[in-house]
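Here are my notes on the model, point by point. Have it open while you read.

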Amino acid sequence: MPVTSDNQLPVLEFLQRRLSGSSHPDDRTHMRYPTAISQLLDFEIAEIGPGTASVVVDVDAARHGNQQGTVHGGFLVELADAAIGTAHSTLMKPDESFTSIDLRAVFLRPVWRETLVARAAPTHSGRTITHYHCDIVRTSDGKPVATATSTVMTLHGDRATGR
């Protein structure tokens, strides 16, 4: 079991333990999990791997809707951002953090009431900049409802402090 100098688990191991149900109450990592926004929006991590993540949520236009009566596009973008951020966090060392540089979404079909899963994976990884792709699909039929791309910058040392 790899442990950091502050007796904290690497993010990937921390999340894998939570997902498998084998976590301990005293397990810690240097990032905040679950995130406040994920708790607010009822996002759940469904799968986790090195640089990859799937986040699931049950949506209903009555709760997450826009003026047209469908699930709000901003909600879908936040879901993609959560999956991408979770994926990238698995790569972070204790003296690292990250920030999004950009996030672009394409909406493919409307959603009213559904379980959605957002799957994020890197398309290119460098020392500082990583590009991600995320598909959001309906679990009922596997059809995509939106795709997103994002560029994430890893912050090292003093640049990562306080984030």
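1. Running from the N terminus, the element order is α-α-β-β-α-α-β-β-β-β, which makes four helices and six strands. Elements here are DSSP runs numbered from the N terminus: helices are H or I with at least four residues, strands are E with at least two. The radius of gyration comes out at 16 Å against 15 Å from the globule rule for 163 residues, so the protein is as compact as a globular protein of that length. That radius is taken over C-alpha atoms, and the rule is 2.2 Å times the number of residues to the power 0.38.

2. Before going further, some ground rules. This is a predicted model, with local features needing pLDDT of at least 70 and side-chain atom pairs counting only at pLDDT 80 or more, while totals for chains, interfaces and linings use all residues. Residues are numbered from 1 along each chain as its sequence is written, and side-chain values use heavy atoms, leaving out hydrogens and water.

3. On overall dimensions, the C-alpha atoms fill a box of roughly 50 × 35 × 25 Å along the principal axes. Of the 163 residues, 42% count as buried, meaning under 20% relative accessible area, with over 50% called exposed and anything in between partly exposed (1.4 Å probe, protein chains only). Contacts (heavy atoms within 4.5 Å) between residues at least 6 apart in sequence join residues at least 24 apart in 59% of cases.

4. There is one aromatic pair in the structure: F43 with F75, edge-to-face, at 5.6 Å centre to centre and 75° between the planes. It ties together distant parts of the chain, since F43 sits in the loop between α2 (36-41) and β1 (44-49) while F75 belongs to helix α4 (residues 73-89), 32 residues apart. Both F43 and F75 are buried. For the cut-offs, rings of Phe, Tyr and Trp (its six-membered ring) pair if their centres lie within 6.5 Å; planes under 30 degrees apart are stacked, over 60 edge-to-face, the rest tilted.

5. Two backbone spots deserve a look. Most residues other than glycine have a negative phi, and most peptide bonds are trans. Which peptide bond is cis, with omega near -5°? That would be the bond from Y33 to P34, and P34 lies in the loop between α1 (11-20) and α2.

6. The other spot is D42, whose phi is near 65°, a positive value in a non-glycine residue. D42 is in the loop between α2 and β1, and its 42% relative accessibility makes D42 partly exposed.
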